[in-house]
Amino acid sequence: MNNTFDVIVIGAGHAGAESAYAAARMGARTLLVTLDTERMGWMPCNPAIGGIGKGHIVFEVAAFGGLMPQLCTRTYLQARMLNTSRGPAVHGLRLQIDKHAYSSLCKEILQQEPNLTIVQDQVVEILLDEKNQCTGVKTESGKTYLAPSTIVTTGVFLNSCIFIGSEKKSSGYLGSPAADKLGQSIKNLGLSMGRLKTGTPPRLLHSSIDFSVMEVQECDPLNFLFEYQPCVVTNSHNCYITHTNEITHQTIRNNFEYSPVFNGTIKGIAPRYCPSIELKVSQFSDKTSHHVFVEPESIENFEVYPNGLSTSLPLDIQEKFIRTIKGFENAIITKPGYAIEYDFVDPTELDKSLEVKKIPGLFLAGQINGTTGYEEAAGQGLIAGINAANKALNRQALILDRYESYIGIMIDDLTRQGIDEPYRMFTSRAEHRLIMRQDNTFARLADHAYTQKLISQEFYENSKHEQAIIESCAQLLIQKKQQELFISCMSSFDYAKAREIATTVCLDASTISPRGLISLYAETLYAPYKKRELDEIEKYKNYHKLLIPKNFEYAHLPGLSNELQQKLEKHQPESIAQASLIQGMTPAALSLLIFKVRQIRGLI
């Protein structure tokens, strides 16, 4: 086998699969090295994709013709639009996935990609030349593979350990080997690293659960692709809601001492927004119950995922507290819940292309950068794959800015500020979310995707054409004074009536998809605020041009609090735009900083 490629990708999780797919489609000869070809795109945690903020990322991957949205659309069991009590800018599409079908289809699509070679092996060493440039990898089988670009997407596998009560063992996720040798190789590179923790709940036997006493969650007819496709859910694949209770909580409290989270065994930083049930019971002691979302893992209905019950308590205690929950009285645990601790690399070691600053040719993507979730991994994988291919093919890197993309926000946050806990995307992280929505993603990112040769000309033109129709119809609704009635119908989910109203003023409204109709709703609803958002973006662009001199002294700058001085010294923003995003930066402090920088640069 030829051992020379353009791009090498280590790991075939959601970041690795997306990286390999993007690089190969761009024409780069790509090698994907994975521990297990039967678990490509595997979901060791909840088999669901999307949600508030996360759904925006998946739509953006779809705009680049990415892999995750295709897999979701062909393997999902249920679709739900979350946060619909609020405006469309902060809605979040979430799909429950058949994880076995998803992984199988992932393998099938990747194997059909002509520029992609897949090898089942374990990478044990990153290779560098005398100039400290990454030149390739060495595997456990003794093979050496060379490439000008290498992407590390190891997820939670670096020096990872699993905890179930007092039991601790080296493992990636349950039943898979940890990447200890690769972890040591990456440590030897001299990168700043840390330790994080996540976890998963026990899996329950479907036939042992009483679903009749639970609340049923309905399906919404939407997905992540440009073209509308109907929901494939059937009654046998519904999602349900139940709740913990005081007996559950007391059972857990009585056994805190056996939890590695409490007894000091686990040192890694846990995700704030996805805590274990032990932490929820401890930190929210005033709550008498917590939601448990009961979700299927596959069409076979063998195992169920009780979302909200992540735990590392001993198995016998897991059984006790599980059976105190309504509907779970006779539940049988098929796999125990566990916590997992793993190494990550400080993402400030990367530039915005996701290339390691001091090791040219080495890219990192996914949970190795301190993020949580399949969606964040896929978004990083897409960009790392694009830029690794661009580097190998001598093309310019793609940098998505935070005013145009949620992926851009994520990468900017990671590389500029780093993390002090596992990073999760929310719509609240976006300064300009009114014009950076799920529904307009395809038009918003079409130029970038087309330039990178990741979408066809037909797809590009269709997305632009749809956006032109939407903008024209929005203007006509306002001109004909029908916008309030249209908005009222959309707000009350009477989509048929809303489309009828839109079609009376704009015949083309009949041709747009359900997602396009939501986009028309958003454009009409946010019309009074759109100009202000665009003006803010222009201001942000101008701030980007106003560079802060290196070694700028923030100490004792009149008008800046000690806290802001310390934050500015720590983050060393390169521009006023970056300084404006530092938490706690007030308009007054920013004006002072702008004045001082302009003064130093002789602009006033």
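This is a predicted model: local features need pLDDT of at least 70, side-chain atom pairs count only at pLDDT 80 or more; totals for chains, interfaces and linings use all residues.
Lys481 lies in the loop between α12 and α13 (483-491). The phi of Lys481 is near 60°, a positive value in a residue other than glycine. Most residues other than glycine have a negative phi. Lys481 is also exposed, with a relative accessible area of 69%. That value counts as exposed because the cut-off is over 50%.

A second residue with a positive phi is Asn551. Its phi is about 65°, although Asn551 is not a glycine. Asn551 sits in the loop between α16 (527-545) and α17 (562-571). Asn551 is exposed, at 71% relative accessible area.

The whole structure holds 14 aromatic pairs, according to a search. A pair of rings is described by the distance of the centres and the angle of the planes. Take Phe226 and Phe459. Their rings form a tilted pair, 5.5 Å centre to centre, with 55° between the planes. This pair links distant parts of the chain. Phe226 belongs to the loop between β15 (215-217) and β16 (239-243), while Phe459 belongs to helix α12 (residues 457-479). The two are 233 residues apart. Phe459 counts as partly exposed, at 24% relative accessibility.

Helix α12 takes part in another pair. Tyr450 and Tyr460 are stacked, 4.5 Å centre to centre, with 15° between the planes. The pair counts as stacked because its planes are under 30 degrees apart. Tyr450 lies in helix α11 (residues 441-451) and Tyr460 in helix α12, so the pair ties together parts that are 10 residues apart in sequence. Tyr450 counts as partly exposed, at 33% relative accessibility.

The charged end of Arg39 is placed over the ring of Trp42, 4.3 Å from the ring's centre. Arg429 lies over the face of Tyr423, and here the distance to the ring centre is 4.1 Å.

Next come two helices. The crossing of α2 past α9 is left-handed. Which residues make the contact? From α2 come Lys54, Ile57, Val58 and Val61. From α9 come Glu375, Glu376, Ala378, Gly379 and Leu382. By class, this contact has 5 nonpolar, 1 polar and 3 charged residues.

Two residues of one loop come next. Asp439 is found in the loop between α10 (406-417) and α11. Asp439 is buried, with a relative accessible area of 5%. What does Asp439 touch, not counting residues up to four places away in sequence? Its contacts are Pro88, Arg515, Ile518, Ser519 and Ala522. Asp439 and Arg94 are 345 residues apart in sequence, and their C-alpha atoms are 14 Å apart in space.

Glu431 also lies in the loop between α10 and α11. Glu431 counts as partly exposed, at 35% relative accessibility. Residues up to four places away in sequence aside, Glu431 touches Arg402, Glu533 and Leu581. Glu431 and Tyr554 are 123 residues apart in sequence and 25 Å apart in space, C-alpha to C-alpha.

The last stop is a strand. Cys161 lies in strand β11 (residues 161-164). Cys161 is buried, with a relative accessible area of 14%. It counts as buried because the value is under 20%. Which residues are in contact with Cys161, leaving aside its neighbours within four places in sequence? They are Lys168, Lys169, Ser170, Ser171, Arg195, Ala339, Ile340 and Glu341. His432 is 271 residues from Cys161 along the chain, and the C-alpha atoms of the two are separated by 40 Å.

Conventions. Residues are numbered from 1 along each chain as its sequence is written. Side-chain values use heavy atoms; hydrogens and water are left out. A crossing is left-handed if the near helix is turned anticlockwise from the far one by less than a right angle, and right-handed if clockwise. Helices (H or I, at least four residues) and strands (E, at least two) are DSSP runs, numbered from the N terminus. Contact means heavy atoms within 4.5 Å. Ala, Val, Leu, Ile, Met, Phe, Trp, Tyr, Cys and Pro count as nonpolar, Asp, Glu, Lys and Arg as charged, and the others, Gly among them, as polar. Rings of Phe, Tyr and Trp (its six-membered ring) pair if their centres lie within 6.5 Å; planes under 30 degrees apart count as stacked, over 60 as edge-to-face and the rest as tilted. Buried means under 20% relative accessible area, exposed over 50%, partly exposed in between (1.4 Å probe, protein chains only). A charge sits over a ring if NZ of Lys or CZ of Arg is within 6 Å of the ring centre and within 35 degrees of the ring normal.
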